[in-house]
Amino acid sequence: EEYKMARVLISMPEDFLNKIDGVAETENRTRSELIREALRTYIHKQKVRENTLAAKNAQILEALLD
């Protein structure tokens, strides 16, 4: 599936960018690919956290209603 890519300008410390470039080079990926993957992983973890919190809240509510 083809995606239309938008460009985003971000700022970060140069030493951090150097670390990103080092990892990208080691993994034979572009900087953009690596950053996209990192953000996908972050978003996925956020969703898991939200679902876990929702489940805990539901358990608390059920216990209060029993």
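Is Arg-29 buried, exposed or partly exposed? Arg-29 is partly exposed, with a relative accessible area of 29%, where buried means under 20% relative accessible area, exposed means over 50%, and partly exposed lies in between (1.4 Å probe, protein chains only). The model is predicted, so local features need pLDDT of at least 70 and side-chain atom pairs count only at pLDDT 80 or more, whereas totals for chains, interfaces and linings use all residues. Residues are numbered from 1 along each chain as its sequence is written, and side-chain values use heavy atoms, with hydrogens and water left out.

Side chains of opposite charge can pair when their charged atoms come close. A salt bridge is counted when a side-chain nitrogen of Lys or Arg is within 4 Å of a carboxyl oxygen of Asp or Glu, and by this rule the count comes to 3 salt bridges. In one of them, the side chain of Arg-29 meets that of Glu-27, with 2.8 Å from N to O, and Glu-27 is partly exposed at a relative accessible area of 40%.

Another salt bridge joins the side chains of Arg-31 and Asp-21, at 2.7 Å from N to O. This pair links distant parts of the chain, since Arg-31 is in helix H2 (residues 31-65) and Asp-21 is in helix H1 (residues 14-26), 10 residues apart. Helices here are DSSP runs of H or I with at least four residues, numbered from the N terminus. Arg-31 counts as partly exposed at 39% relative accessibility, and Asp-21 is partly exposed too, with a relative accessible area of 25%.

Within helix H2, Glu-37 and Arg-40 lie 3 residues apart, about one turn of the helix, and they form a salt bridge whose closest N and O atoms are 3.1 Å apart. Glu-37 is partly exposed with a relative accessible area of 31%, while Arg-40 counts as partly exposed at 48%.

Further along in the numbering, Lys-47 has its place in helix H2 and is exposed, with a relative accessible area of 51%. From Lys-47 to Phe-16 there are 31 residues in sequence and 26 Å in space, taken from C-alpha to C-alpha.

Helix H2 also holds Ile-60, which forms a nonpolar patch on the surface together with Leu-61, Leu-64 and Leu-65, with about 460 Å² of accessible area together. Such patches are made of residues with over 30% relative accessible area and no salt bridge, like charges being joined within 9 Å and nonpolar side chains (Val, Leu, Ile, Met, Phe, Trp, Tyr) within 5 Å. The accessible areas come from the Shrake-Rupley method with a 1.4 Å probe, and for residues only the protein chains shown count as cover.

Key
Helix = DSSP H or I, 4+ residues; strand = E, 2+ residues; numbered from the N terminus.
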